[in-house]
Amino acid sequence: MSFLMFRRGMAGVRLLLGYGAAQKLPVAGLLKGSGIDDALLTDPDAELDAAQELRVAANLFRLLGRPPGLGLTLGLRFRLGNFGLWGYGLMSSPTVGDALQMALRYLPLTYAFSAIGMHVGPDAVELHFTEPDLPPGLGRMLVERDLAAAAMLVRQVGGEGLTLTRVALKALPGRAGVIPADVGDFGGARPDFKADRYLIAFDRRHLARPMPQADQATAALCERMCRALMDRRRSDVGTAALVRHHLLVLPPGTMPTLAHMAQLLNTSERTLKRRLHDEGTSFRELAGQAQAQRAATLARDARLSLTEVAERMGYADLSAFSQAFKRWHGVAPDRFRRNAQ
């Protein structure tokens, strides 16, 4: 599932246009093919199809000559105030942990194109990003933008005392993997451009950190309004698509329960089961599909041994993983890898 299925506000496009104007690019060229006119740009209540914002992003990327690191530059321009109710809800949450939970519950109300998930470990909190299924250069630009924007928002939510301990981006061949010369620290951590995934991390102790602008009444009001907007957009997209999205961004080897998924979608287990049944599927079926997709993605990565792939998928040994892989894809993982290569 992609957030291309969700409508969104104008702030993301306005930030793209502002950066383009600073580079002396013509507005007409940036808006070409997007269907966005002056009336939309000046309407405070306007909503866009995500594909319209994507067209503006693609135009900007092309007109600037597809420079590496453009997404990081764009993402660092985001502030909580750009996100309307979602941003105010985060700012008024009781703690950093509460703010992050709300952020993920209502992520489709943002301007993200990447799938984003959170993993809380014994010592660190990691936010993982999955690159959108777009042409490689454009997909990289957008996952960079989402990662950098998240880094900025985490710092704003947590205040000056919260520093990032890791910022990682996948190593890519060719120009898309070139390290930009002007990229410095992201809130205390210098980006690692040779990783096997996209993520940012910070110390787990910050989750309990009180928010400086916490306000229970404001947080409750923002929550109700975000829930109403999400319910409207959910009816357009479908519950199964939302479940697939959340399953997609889980770290390998982990799988949420139905109860956890219901919490992520801000609904009850019973309602979630009923909605999935009405759409002709079930949580168990979607979870199995997600495992199969994740296993295939890891098996294609020649940098990992198949034993490492099995470990990442949560299997005790390669034999058990191979049997599961064959059930999913009809062939053993070693043959699958040879065919992919």
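Okay, so before anything else: when I say buried I mean under 20% relative accessible area, exposed is over 50%, and partly exposed is in between, with a 1.4 Å probe and protein chains only. What you're looking at is a predicted model, where local features need pLDDT of at least 70, side-chain atom pairs count only at pLDDT 80 or more, and totals for chains, interfaces and linings use all residues. Residues are numbered from 1 along each chain as its sequence is written, and side-chain values use heavy atoms, with hydrogens and water left out.

Let's start inside, with the salt bridges. By that I mean a side-chain nitrogen of Lys or Arg within 4 Å of a carboxyl oxygen of Asp or Glu. In general, side chains of opposite charge can pair when their charged atoms come close. How many salt bridges does the structure hold? There are 12.

The one I'd like you to find on screen is E53 with R145, where the closest N and O atoms are 3.1 Å apart. That pair links distant parts of the chain: E53 sits in helix α4, R145 sits in helix α8 (residues 136-158), and 92 residues separate the two. When I say helix or strand, those are DSSP runs numbered from the N terminus, H or I of at least four residues for helices, E of at least two for strands. Now, is E53 buried or exposed? Buried, because its relative accessible area is 0%. R145 comes in at 2%, so R145 counts as buried as well.

Two other salt bridges, for contrast. R197 and D196 meet through their side chains at 3.1 Å, N to O. R197 has a relative accessible area of 24%, so we call R197 partly exposed, and D196 is partly exposed too, because its value is also 24%. Then there's D278 with R274, at 3.9 Å, N to O. Those two are 4 residues apart in helix α12 (residues 269-278), so about one helical turn separates D278 from R274. D278 is exposed at 57%, while R274 is partly exposed at 45%.

Okay, on to the strands. β7 (residues 198-203) is mostly covered, with 5 of its 6 residues buried. Which strands does β7 pair with? Strand β4 (residues 124-130) runs antiparallel to β7, with 6 bridges joining them. Strand β5 (residues 164-170) pairs with β7 in the antiparallel sense too, over 4 bridges. Pairing here just means that DSSP finds at least two bridges between the strands.

While we're on covered elements, have a look at helix α10 (residues 239-248), where 8 of the 10 residues are buried. Among them are T239, A240, H245 and H246.

Now the surface. Patches are made of residues with over 30% relative accessible area and no salt bridge, joining like charges within 9 Å, or nonpolar side chains (Val, Leu, Ile, Met, Phe, Trp, Tyr) within 5 Å. Lys and Arg count as positive, Asp and Glu as negative, and His and the chain ends are not counted. We place each charge at NZ of Lys, CZ of Arg, CG of Asp or CD of Glu.

So which residues gather in the patch of positive charge? K32, R55, R62 and R66. R62 lies in helix α4 (residues 50-63), and R62 counts as partly exposed because its relative accessibility is 38%. R66 is in the loop between α4 and α5, partly exposed at 47%. R66 also has a positive phi of about 55°, although it is not a glycine.

There's a nonpolar patch too: L85, L221 and M225, with about 240 Å² of accessible area together. Accessible areas come from the Shrake-Rupley method with a 1.4 Å probe, and for residues only the protein chains shown count as cover. M225 is in helix α9 (residues 216-237) and is partly exposed at 39%.

Last stop, K24, in the loop between α1 (11-22) and α2 (27-31). Its phi is near 65°, a positive value in a residue other than glycine. K24 counts as exposed, because its relative accessibility is 75%.
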